[in-house]
Amino acid sequence: MMRTYLILLGLLSLCGLCFSSECNAEFQENEDFPGTDIQHLYSPDAEHCQHLCTQHPSCQFFTFIRSDWTRDNRHFYCYLKSTPSGVPNKRAPLLGVTSGFSLKPCNPVPQPCLSKVYQNVDFFGADYQTLFTADYESCQRACTQDPSCQFFTFVNDVFTSDYMRYKCHLKFSWTIPRPPLVEGKASVVSGFSHKTQMGLNFDTACQGKLFHNTAIPGNSLQALPASSAEHCQMLCSAHPSCTFFVFIRESFTCNLKSNVNEMVTVAKAGVTSGLPERFCQLNNSWIKEALEDVDFRGSDIGFELMDDAETCQRKCSEDANCQFYTYVNELFHNPNKWRRCYFKRVITMPAPPKVAKLANVVSGFTLKNCQSALHTLTAV
């Protein structure tokens, strides 16, 4: 009887944390879903905001503040929202906003095609390279053909500062799943979906270079959680400014480093350093490894009760929304969490850190995920 109760409890929690099973892709113009915010991000339009909500682990619906909003300066805000019931507590008419629902029940594609361009809109920040191009189409081509580029801003020929004209800013955001926190914890098992996409696919295979029991001091670029040295190497390979990395196993910390002039190594036990690989396919066998006594904390979509970690990993791999998981076995100190398989994910679509109005610029996204647009692009 108790086991039946726990199974029902797990299923109810999964439904409550996830979403309604009904697919609703419609936008509600000039209608607000007030309150119940879980996070706010930036989007250039309601469609992009809807995709962010879809990829966020717990977002069920959203309200987007458009460029014609007049009450304050909060243009391009994307408010991600959630309730225990999965539907808004309230709806209210409000000019300048668009609301809608997550596409999780609609079998969404892993990486949406974002083919629109936005006149007089700046995707501020996240620059890693600038060049000069004749027009925004050329800038978008450069972004699409660069594996690191996820979005761009182009400065046109009538921009106020003449020395900035024709400048194409290539910009980066993460497309690799990154657990928000990785830590050691007894009696749990974590891992990745076998279908997790780790960067672009290349025809040429490569192994990569690791330096065991070796540190590289200084030159810090960014510190991220990582499950292994191989995961850290994948993160470094994806970041356009990373020239080498240091993985600390004790804290599961991946320190990305940047110095194009020199790399000084020192011996240090328990630390693995290495080099990134570009334009080749790293060995991804580590993705299939189950990590004993390792917890991927946060980013839960929900949980189900399962008999073992192998089943948990298989179910995560079968679920298009699941990128990684944590399974709690029956040696865990809290019996209420035994046999729980937590499905998890993070946002991996192109996501500008800020979107703002700016005259005489054009912004847009890579067309890597747009097959028809990409075919046209390469034919030009």
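**View 1. Glu47 and its partner Lys116.** Glu47 is partly exposed, with a relative accessible area of 31%; here buried means under 20%, exposed over 50% and partly exposed in between (1.4 Å probe, protein chains only). Glu47 forms a salt bridge with Lys116, their closest N and O atoms lying 3.3 Å apart; the term stands for a side-chain nitrogen of Lys or Arg within 4 Å of a carboxyl oxygen of Asp or Glu. Glu47 sits in helix α2 (residues 46-55) and Lys116 in the loop between β5 and β6, so the pair ties together parts 69 residues apart in sequence. Helices (H or I, at least four residues) and strands (E, at least two) are DSSP runs, numbered from the N terminus. Lys116 is partly exposed too, at 41%. This is a predicted model, in which local features need pLDDT of at least 70 and side-chain atom pairs count only at pLDDT 80 or more, while totals for chains, interfaces and linings use all residues. Residues are numbered from 1 along each chain as its sequence is written, and side-chain values use heavy atoms, leaving out hydrogens and water.

**View 2. Phe33 and its neighbours.** Phe33 is found in the loop between β1 (28-32) and β2 (37-42). At 0% relative accessibility, Phe33 counts as buried. Leaving aside residues up to four places away in sequence, Phe33 touches several residues, including Phe61, Phe62, Pro88 and Phe101; contact means heavy atoms within 4.5 Å.

**View 3. Asp307 meets Arg339.** The closest N and O atoms of this salt bridge are 3.0 Å apart. Asp307 lies in the loop between β19 (300-305) and α5 (309-318), and Arg339 in the loop between β20 (324-328) and β21 (340-344), 32 residues apart. Asp307 is exposed, with a relative accessible area of 59%, whereas Arg339 is buried at 9%.

View 4. Domain 2 (117-192) and domain 4 (290-365), with bounds from an automatic or database domain assignment, have C-alpha centres 24 Å apart. In this interface, 41 residues of domain 2 are in contact with 41 residues of domain 4. About 3,900 Å² is buried between them, 57% of it from carbon and sulfur atoms; buried area is the accessible area (1.4 Å probe) that two parts lose on being put together, summed over both. Ser187, Val189 and Ser190 supply 18% of the area that domain 2 buries here, more than any other three residues.

**View 5. A salt bridge from Lys185 to Asp295.** The closest N and O atoms of Lys185 and Asp295 are 3.3 Å apart. Across the interface of domain 2 and domain 4, the rule finds two salt bridges.
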